[in-house]
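The following questions and answers examine a single protein model. Please consult the sequence and the coordinates alongside them.

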Amino acid sequence: MVPLSVELDITKLVDNINVNMEGLTFEESIIRLTQLIIFDKKEEIKHRVIKEYKEYPLSHMFGTNLINAQGQTILVLPPLDIQNPEKDEDLLELHMHQNELKR
């Protein structure tokens, strides 16, 4: 299997960050960066994952293979139980992480 690659032009984003960080100390830059990034709450991510599973059950019936840059499978992520997605908290959390990575 050949991995797909995507190229993004983030020049405007980098320019915006440079403008917002100009003249700040390291500590001030960290604070500013946390103000620029919106973090989802854990419960919101959980709700979104469960909602997607219930709304689109066919697309979530099979596991997901997570692969590295060399195309090697590093984790086989089994599907959640559609009837009770919160049954396995560890598995649900892995799906939450994967969901955030995709976003």
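Q: Is arginine 48 buried or exposed?
A: The model is a predicted one, in which local features need pLDDT of at least 70, side-chain atom pairs count only at pLDDT 80 or more, and totals for chains, interfaces and linings use all residues. Residues are numbered from 1 along each chain as its sequence is written, and side-chain values use heavy atoms, with hydrogens and water left out. Relative accessible area decides the class: buried means under 20%, exposed over 50%, and partly exposed in between, with a 1.4 Å probe and protein chains only. Arginine 48 has a relative accessible area of 17%, so it is buried.

Q: Which residues is arginine 48 in contact with, leaving aside its neighbours within four places in sequence?
A: Arginine 48 has its place in helix α3, residues 42–55; helices (H or I, at least four residues) and strands (E, at least two) are DSSP runs numbered from the N terminus. Contact requires heavy atoms within 4.5 Å. With neighbours within four places in sequence left aside, the contacts of arginine 48 are Asp40, Asn99, Glu100 and Arg103.

Q: How do the residues of the contact of α3 with α4 divide into nonpolar, polar and charged?
A: On the α3 side, the contact includes Lys42, Arg48 and Tyr53, and on the α4 side it includes Glu89, Met96 and Asn99. Ala, Val, Leu, Ile, Met, Phe, Trp, Tyr, Cys and Pro count as nonpolar, Asp, Glu, Lys and Arg as charged, and the others, Gly among them, as polar. The residues of this contact divide into six nonpolar, two polar and seven charged.

Q: Is serine 29 buried or exposed?
A: Serine 29 lies in helix α2, residues 26–36. Not counting residues up to four places away in sequence, serine 29 touches Met21 and Leu24. Its relative accessible area is 17%, so serine 29 is buried.

Q: What is the radius of gyration of the protein chain?
A: The protein chain has four helices and two strands, which run α-α-α-β-β-α from the N terminus on. For 103 residues the globule rule gives 13 Å, and the chain is well over this, so it is more spread out than a compact globule. The radius is taken over C-alpha atoms, and the rule is 2.2 Å times the number of residues to the power 0.38. The radius of gyration of the protein chain is 18 Å.

Q: How far apart in space are valine 19 and leucine 92, C-alpha to C-alpha?
A: Valine 19 has its place in helix α1, residues 11–21, and is exposed, with a relative accessible area of 60%. Valine 19 and leucine 92 are 73 residues apart in sequence. Their separation in space, C-alpha to C-alpha, is 39 Å.
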